[in-house]
Amino acid sequence: KYRKLNLGKMAATKNRKKKRISKHVLKSKEAEQQSSDLGQSSDSPAVQTMTKTARQPKQSEKIKDPKEAETYLSAWKYREQGGEWKFNKNTQSWLFRHMYHAEKISKDAFTLLMEYMDGLKGSTRKRVIEDAQRRAVRYKEFEKMQEANKNVKTPNDNKANSASMKEMESETTSTIEKGGEDDQTRWKRLGNHDKRKEYKRARKVLELFQKESG
């Protein structure tokens, strides 16, 4: 009797396993059927890519708060007076990329940044100088085009100057900012006053490093 009971339990366990396997097989077949209805097999790269993409959550781009960058500069300035400051490469890179954006780097923050860059060395110093030179040259070329357009009298000359301006803008690419197209888009939408503000900042940066060299 004891042996019969054990055999009965074993048989019941096997039946439960079969039922579980059956459910798994059914679900698999249903998935394959849905894939075939879409004209693709479940093993096709397209289906696997779609499945993988659906599982991965979309990462939102992190945007730095300009106040955070300004706080970083303030902490640096007062670091020797008991303030807490720690070098942050990402924050420094953000400052160098946006130092000409008046809407992100205020006048006071730019003044602090000029002090921060004093004594800058190595490849970072070289990139900052090259970027400032590029922006200064870009504005001077823009200024020349503006002056030339004032003396233009014929529609054909207007078109020629406009084409030259577009060619000049397409040739200028940022050495610091990732995505030169973004920089060009911003430059094109800036008004004359804001373009000149960028030029003035570029001149200040160049003057800073010229003093160091002298």
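1. Leaving aside neighbours within four places in sequence, Arg196 touches Tyr139 and Glu143. The model is a predicted one. Arg196 sits in helix α9. Along the chain, Arg196 and Tyr139 are 57 residues apart, yet their C-alpha atoms are 7.2 Å apart in space. Their side chains are joined by a polar contact of 3.5 Å.

2. Is Arg196 buried, exposed or partly exposed? Its relative accessible area is 34%. Buried means under 20% and exposed means over 50%, so Arg196 falls in between and is partly exposed.

3. Arg201 is another residue of helix α9. Its relative accessibility is 11%, and therefore Arg201 counts as buried. Beyond neighbours within four places in sequence, Arg201 is in contact with Met99, Tyr100, His101, Ala102, Ile105, Ser106, Lys107 and Phe110. For Ile105 there is a polar detail: its backbone oxygen lies 3.0 Å from a polar atom of the Arg201 side chain. Arg201 and Ala132 are 69 residues apart in sequence, with 8.2 Å between their C-alpha atoms.

4. The protein has nine helices and zero strands. Of its 214 residues, 29% count as buried. Take the contacts between residues at least 6 apart in sequence: 69% of them join residues at least 24 apart.

5. Which residues have the most contacts inside the largest nonpolar core? They are Met99, Met117 and Val205, in a core of 32 residues. Two or more residues of this core come from each of α3 (66–77), α4, α5 (107–117), α6 (122–150) and α9 (192–213). Helix α5 gives the largest share, seven residues. As background, nonpolar side chains tend to be buried together in soluble globular proteins.

6. Helix α4 can be looked at residue by residue. Thr91, Gln92, Trp94, Leu95, Phe96 and His98 are buried in α4. What covers these buried residues includes α3, α5 and α6. At the start of α4, a side-chain oxygen of Asn88 comes within 3.0 Å of the backbone nitrogen of Asn90.

7. Thr91 belongs to helix α4, which covers residues 89–98. Why does Thr91 count as buried? Because its relative accessibility is 3%, and the cut-off for buried is under 20%. Apart from neighbours within four places in sequence, the contacts of Thr91 are with Lys64, Ala69 and Tyr72.

8. How do α4 and α5 pack? Their axes are 12 Å apart, at an angle of about 115°. The crossing is left-handed. On the α4 side the contact is made by Gln92, Leu95 and Phe96, and on the α5 side by Leu113, Tyr116 and Met117. These residues divide into five nonpolar, one polar and no charged. An α-helix has 3.6 residues a turn, so residues three or four places apart point the same way.

9. Some residues come up under more than one point. Met117 is named in the contact of α4 with α5 and is listed for its contacts inside the largest nonpolar core. Met99 is listed for that core too, and Met99 is also in contact with Arg201. Gln92, Leu95 and Phe96 of α4 meet α5, and Gln92, Leu95 and Phe96 are among the buried residues of α4.

Key. Residues are numbered from 1 along each chain as its sequence is written. This is a predicted model: local features need pLDDT of at least 70, side-chain atom pairs count only at pLDDT 80 or more; totals for chains, interfaces and linings use all residues. Side-chain values use heavy atoms; hydrogens and water are left out. Helices (H or I, at least four residues) and strands (E, at least two) are DSSP runs, numbered from the N terminus. Buried means under 20% relative accessible area, exposed over 50%, partly exposed in between (1.4 Å probe, protein chains only). Contact means heavy atoms within 4.5 Å. A nonpolar core is a set of buried Ala, Val, Leu, Ile, Met, Phe, Trp, Tyr and Cys residues joined through side-chain atoms within 4.5 Å. A polar contact is a pair of N or O atoms within 3.5 Å; within protein, one must be able to donate a hydrogen and the other to accept it, and residues adjacent in sequence count only if both atoms are side-chain atoms. Axes are lines fitted to C-alpha atoms, for helices over the stretch in contact, and angles run from 0 to 180 degrees between N-to-C directions. A crossing is left-handed if the near helix is turned anticlockwise from the far one by less than a right angle, and right-handed if clockwise. Ala, Val, Leu, Ile, Met, Phe, Trp, Tyr, Cys and Pro count as nonpolar, Asp, Glu, Lys and Arg as charged, and the others, Gly among them, as polar.
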